[in-house]
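Subject: Structure handover

Hello,

Here is the structure I said I would pass on. My notes on helix packing and charged pairs follow below.

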Amino acid sequence: MITSTDFCKVQKLDDDLYIITEAGLVHFYLILGEKKAVLIDAGFGFEDIRPIIRSITDLPVMLVLTHGDPDHSYGSEYFGDVWLYQPDYGQIMGFDTKQERQFAAELGVQFLKENNPEAIERFDSKAFAEKSLLRVLTPHFVKDGELFDLGGKTLEVVFTPGHSYGHIMLLDRAKKRLFSGDMICDYVIMYFFESDRNAPFSMALDSWKKIKRLEKDIKDIYSSHGQNPITMEWVDAYIECFSGEFQQNYLKDKPFSRGHLGSGYQHIYKTVNIQYSDKRLEEFLGHKVERIDL
Ligand SMILES: [Zn+2]
């Protein structure tokens with residue numbers, strides 16, 4: 001088994017579960033059945049990850065995306081066929097621009113500078129920025145509750161809009177594992193985009209409540225960023241936060257800027273860490289937000 005490459009670290013978590021971490025930033029998961037394997041997300045695709053997968057299994061691999069953000073979807077260029085929830089195909093196409101790819105390429109270069117400088121000459125950041133997914137992908141649209149039969153293992157699609165309009169999680173009820181994408185993370189979640197990219201907070205809250213109702217079938221939560229596995233406590237914190245704590249305390253939040261991505265405020269409560277715009281907050285509160293800037 002390949003355990004590391006220029007950009008990726010690979011770890012076996014169980015006989016049927018592998019985690020691949022790209023650029024120290026994003027995790028994707030390889031889940032093995034008897035007849036088929038599912039890859040949950042494909043990362044930035046700074047390098048071709050198929051050799052990593054082939055070093056683990058010969059099974060046919062089906063790529064399922066939790067959502068369409070670049071750190072999850074650019075790597076789908078190596079697979080062609082991709083399963084996702086419909087609105088996030090729009091998300092993928094929205095990010096399929098030279099400017100967005102250049103921004104991602106800079107992250108890749110930065111990671112190598114800090115962690116693996118002798119690999120910089122092997123990463124063609126210019127060529128990376130020139131690529132496009134438009135004519136490469138064949139999307140297959142999934143439905144809430146749809147089951148993927150891997151042979152001796154079933155993964156269930158759980159539609160959980162919030163971080164994006166078409167965000168999904170995947171549930172392995174037999175193993176009590178939930179693959180939560182960017183909707184449940186021990187990491188900052190971005191909510192500062194305008195309404196075409198992130199869904200309203202009210203939809204995210206509904207999604208967290210939906211996961212809470214599945215509690216008896218979930219023990220370990222594997223997210224796309226930060227520490228793994230996490231637990232239902234993270235879900236409880238989101239629900240508490242958006243059910244009243246956030247509404248009470250948002251005026252204490254500190255401003256932040258994320259360069260070309262935007263700027264806004266950051267809210268931290270227990271394990272919740274979100275960056276948001278006042279426009280999205282106003283939509284949630286139903287009234288104007290007045291801040292006294294110091
Ligand atoms: Zn992400």
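A residue is called buried when its relative accessible area is under 20%, exposed when that is over 50%, and partly exposed in between. Please keep in mind that this is a predicted model.

By that cut-off R280 is buried, because its relative accessible area is 3%. Its salt-bridge partner is E283, with the closest N and O atoms 3.0 Å apart. E283 has a relative accessible area of 39%, so E283 is partly exposed. Elsewhere, salt bridges with shared partners connect D14, D16, K153, D172, K175 and R177 in one network.

In total the structure has 24 salt bridges. One of them pairs the side chains of E77 and K131 at 3.0 Å, N to O. E77 sits in the loop between α2 and β6 and K131 in the loop between α5 and β7, so this pair ties together parts 54 residues apart in sequence. Another joins the side chains of E100 and R197 at 3.9 Å, N to O. Here E100 belongs to helix α4 and R197 to the loop between β12 and α6, 97 residues apart. Both ends are buried: E100 at 10% relative accessibility and R197 at 19%.

Helix α7 (residues 232-249) has a kink of about 55° centred on F242. F242 is buried, as are other α7 residues including W234, Y238 and F246. The buried residues of α7 pack against several elements, among them α6, β15, β16 and α8.

Regards

Technical notes
Residues are numbered from 1 along each chain as its sequence is written. This is a predicted model: local features need pLDDT of at least 70, side-chain atom pairs count only at pLDDT 80 or more; totals for chains, interfaces and linings use all residues. Side-chain values use heavy atoms; hydrogens and water are left out. The bend at a residue is the angle between axes fitted to the seven residues ending there and the seven starting there. Helices (H or I, at least four residues) and strands (E, at least two) are DSSP runs, numbered from the N terminus. Buried means under 20% relative accessible area, exposed over 50%, partly exposed in between (1.4 Å probe, protein chains only). Contact means heavy atoms within 4.5 Å. A salt bridge is a side-chain nitrogen of Lys or Arg within 4 Å of a carboxyl oxygen of Asp or Glu.
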